Amino acid sequence: MTAAALLSDLVAIPSVCRTPNGAIVDLVRAHLARHGVEAQVLPGPEGDRANLFATIGPRDVPGLVLSGHLDVVPAGEGWSGDPFSLRRMGDRLVGRGAVDMKGFVACLLALVPEMVRAPLTRPIHLALSYDEEVGCVGVRHMIARLPELCAPPVGCLVGEPSEMRPVLRHKGKVAGRLTVRGRAGHSSRPDLAENAVHLAADIVGLVRRLHEGFSRQGPFHPLFEPASSTLQVGVIAGGTGVNVVPDTCRVEWEARAVPGTDPMTIHDVLQAGIADLVAPLRQAGRAVSVESEILSLYPALDLPDDAPLRGLAEAWSGRPALGAVSYGTEAGLFQAAGIPSLICGPGRIAEAHRPDESIGLSDLDQCCAMLRRVIAHHK
């Protein structure tokens, strides 16, 4: 099957993040089985989602991991047709997940017969994970099991859309939810209540001040735009009516950390600032509290310029490396596990997470050409 035909099958399964993914795992496993490749299905702790790992070539020899995710973001509104039915518009294929990142997965599957026929003297591992879109959830469990699945890999290529340019760096990320609690009351007597939205507004102000401090003081990394770590509030929600003092307010925030900064240090600074806001209120007997939870977390990617994997990826893709990108991937997690990693995949990231998401037929062709050079290198 061609990459385009396989992409049509993949897009037809609405494998939206945080939902069961058995159907798409079964599709991939069946395709591999038709070519004599055994897949390891690795259920996650959620019970209804799983990663998939397969090795082509000898298992006891260090090889290359080709990593992608099977989940997509929700389709949302604004599509010109069914988001889960791949259709052609000119020289582009339109559907949810077409570029992020079922296009890369389709190319992997299309090249499986060539990998099997090679034959490979060094293995190529296919690592397909779940719930990447909500914080690289599934891949953590798969990385933890790599020692039982294969010899230590020599590198990992993550196929997120990069226009087929190898990418060496991205920022790390931590995102969280704060639940601010006060005491409800009638708006005519706010002195008898505790306004959770007001306290949440103070926390939003703290977030803004911390972000401005990063912008002024750094640390800075010149390859990124912006060059400093960032911190922002993306969601704030609270209250039931204008005549009711709200007793609850939800604040969701996100930080992106330049390489060299652990995202959790930003989390810890924010938590310390919140504690400083709340402590005097509680000491005065005010009925306020703030609960905190982490929604997603992954480290930065920072592959050295002189890493051997860079030169290989440039030769495979035929394109020069790009120093850094703004989006994040599981590559930082593979690197944290001691596996040199970079990003290189088909299509443009600007096409992702939008109505009428699409990938060019030429993008798929370029990716398949790169994978053929990877196969040749591993013979």
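Although C136 is not a glycine, its phi is positive, at about 55 degrees. Keep in mind that this is a predicted model.

R18 is another non-glycine residue with a positive phi, here near 65 degrees. You'll find R18 in the loop between helix 1 and helix 2. Is R18 buried or exposed? With 55% relative accessibility, R18 counts as exposed, because the cut-off for that label is over 50%. As background, most residues other than glycine have a negative phi, and most peptide bonds are trans.

## Cis peptide bonds

Which residues does the cis peptide bond with omega of about 5 degrees join? That one links G218 and P219. The bond from E225 to P226 is cis as well, with omega near -5 degrees.

Now for where they sit. P219 belongs to the loop between helix 5 (196-217) and strand 11 (230-238). P226 is also in the loop between helix 5 and strand 11.

Start with helix 1 (residues 3-11) and helix 3 (residues 102-117): their axes come within 8 Å and cross at roughly 125 degrees. That angle makes helix 1 oblique to helix 3, and the crossing is right-handed. On the helix 1 side, the contact uses A3, L6, L7, L10 and V11, while helix 3 brings K102, G103, V105, A106, C107, L109 and A110. Sorted by class, that contact of helix 1 with helix 3 has 10 nonpolar residues, one polar and one charged.

Helix 2 (residues 22-34) has its own meeting with helix 3, where the axes come within 10 Å and cross at roughly 25 degrees. Helix 2 and helix 3 are therefore roughly parallel to each other, since angles under 35 degrees get that label. I24, V28, H31 and L32 of helix 2 make this contact with K102, L109 and V112 of helix 3. The tally for helix 2 with helix 3 is five nonpolar, one polar and one charged.

K173 sits in strand 9 (residues 172-181). At 16% relative accessibility, K173 counts as buried, because the cut-off is under 20%.

What does the side chain of K173 make a polar contact with? The partner is the side chain of E254, at 3.4 Å. Leaving aside residues up to four places away in sequence, K173 touches E254, A255, R256, P263, S296, L297 and Y298.

How values were computed:
Residues are numbered from 1 along each chain as its sequence is written. This is a predicted model: local features need pLDDT of at least 70, side-chain atom pairs count only at pLDDT 80 or more; totals for chains, interfaces and linings use all residues. Side-chain values use heavy atoms; hydrogens and water are left out. Helices (H or I, at least four residues) and strands (E, at least two) are DSSP runs, numbered from the N terminus. Buried means under 20% relative accessible area, exposed over 50%, partly exposed in between (1.4 Å probe, protein chains only). A polar contact is a pair of N or O atoms within 3.5 Å; within protein, one must be able to donate a hydrogen and the other to accept it, and residues adjacent in sequence count only if both atoms are side-chain atoms. Contact means heavy atoms within 4.5 Å. Axes are lines fitted to C-alpha atoms, for helices over the stretch in contact, and angles run from 0 to 180 degrees between N-to-C directions. Angles under 35 degrees count as roughly parallel, over 145 as roughly antiparallel, 65 to 115 as roughly perpendicular and the rest as oblique. A crossing is left-handed if the near helix is turned anticlockwise from the far one by less than a right angle, and right-handed if clockwise. Ala, Val, Leu, Ile, Met, Phe, Trp, Tyr, Cys and Pro count as nonpolar, Asp, Glu, Lys and Arg as charged, and the others, Gly among them, as polar.
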